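Take a moment to look over the sequence and the 3D structure before reading on. Then follow the text from one site to the next.

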Amino acid sequence: VALLHPIEFPDPEKLEILERLDHYRKWRALDEKRYCLACGKVIEGHHIQVVGGTRGSGPLRLICATRGCHSIPMDWVLLTDEMLARMSILEEEPRTELAKSRSVGRENFAARLRKFATQFRRVA
Ligand SMILES: [Zn+2]
């Protein structure tokens, strides 16, 4: 996969490109925000990258501002109240992850305890 270098455009032109290439939602300003369903981040029009196709000469494409995110404009939903509510749920996730890793730690501890108890029993 060839490295794509984002192309810089003056703001009015970039807005025009966003409007032209995003067939799903209207862009009225570059400081409008979208929620990327692929990477779960809020992206701003300013930060969306415009890249050229093959060797920079193909048709222009929009890519998510997040490094390594391969979403397309279809994945960028408007920030509605519903989205904000969903995001607050998503923000709970790191905590859930932490709880998960903690419970894994507990399992390991329990396994070690069992092992210890087995040895103890053997000795006894
Ligand atoms: Zn993304």
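**A walk through the structure**

Both Cys 36 and Cys 69 are buried. Keep these two residues in mind. One caution comes before the details: this is a predicted model.

What do the cysteines hold? Cys 36, Cys 39, Cys 64 and Cys 69 coordinate a zinc ion through their SG atoms. The distances are 2.3 to 2.4 Å. Now look at the angles. The 4 donor atoms around the zinc ion subtend 98 to 117°, so the arrangement is tetrahedral. To count as tetrahedral, four donors need all angles between 85 and 135 degrees. For comparison, the ideal angle for four tetrahedral donors is 109.5 degrees.

Next, find the donors of the zinc ion in the sequence. Their spacing reads C-x2-C-x24-C-x4-C. Cys 36 belongs to strand E1 (residues 33–36), while Cys 69 sits in the loop between strand E4 (61–63) and strand E5 (76–78), so the pair ties together parts that are 33 residues apart in sequence.

Step back to the whole chain. The protein has 3 helices and 5 strands. Starting at the N terminus, the order of elements is α-β-β-β-β-β-α-α. Take the contacts in the protein with a separation of 6 or more: 54% of them join residues 24 or more positions apart. Of the 124 residues in the protein, 25% are buried. The protein exposes about 9400 Å², and carbon and sulfur atoms supply 57% of that area.

Ile 48 and Ile 63 are 15 residues apart along the chain, yet their C-alpha atoms are separated by 6.1 Å.

Now turn to charge. Side chains of opposite charge can pair when their charged atoms come close. A search of the whole structure finds 5 salt bridges. Begin with Glu 32. The side chain of Glu 32 meets that of Arg 34 in a salt bridge, at 3.0 Å from N to O. Glu 32 also forms a salt bridge with Arg 28, at 3.4 Å from N to O. Together, Arg 28, Glu 32 and Arg 34 are linked in a network of salt bridges.

The relative accessibility of Glu 32 is 15%. Arg 28 has a relative accessibility of 64%, so Arg 28 counts as exposed.

Another salt bridge joins Glu 19 and Lys 26. Their closest N and O atoms are 3.5 Å apart. Glu 19 is partly exposed, with a relative accessible area of 36%. Lys 26 reaches 57% relative accessibility and counts as exposed.

Finish on the surface. Here Tyr 24, Ile 72 and Met 74 form a nonpolar patch. Together they have about 290 Å² of accessible area.

How values were computed: Residues are numbered from 1 along each chain as its sequence is written. This is a predicted model: local features need pLDDT of at least 70, side-chain atom pairs count only at pLDDT 80 or more; totals for chains, interfaces and linings use all residues. Side-chain values use heavy atoms; hydrogens and water are left out. Donors are N, O and S atoms within 2.8 Å of the metal (3.2 Å for Na, K and Ca); water is not among the atoms, so sites may look incomplete. Four donors count as tetrahedral if all angles lie between 85 and 135 degrees; four count as square planar and six as octahedral if opposite donors are over 155 degrees apart and all others between 65 and 115; anything else is irregular. Helices (H or I, at least four residues) and strands (E, at least two) are DSSP runs, numbered from the N terminus. Buried means under 20% relative accessible area, exposed over 50%, partly exposed in between (1.4 Å probe, protein chains only). Patches are made of residues with over 30% relative accessible area and no salt bridge: like charges are joined within 9 Å, nonpolar side chains (Val, Leu, Ile, Met, Phe, Trp, Tyr) within 5 Å. Accessible areas come from the Shrake-Rupley method with a 1.4 Å probe; for residues, only the protein chains shown count as cover. A salt bridge is a side-chain nitrogen of Lys or Arg within 4 Å of a carboxyl oxygen of Asp or Glu. Contact means heavy atoms within 4.5 Å.
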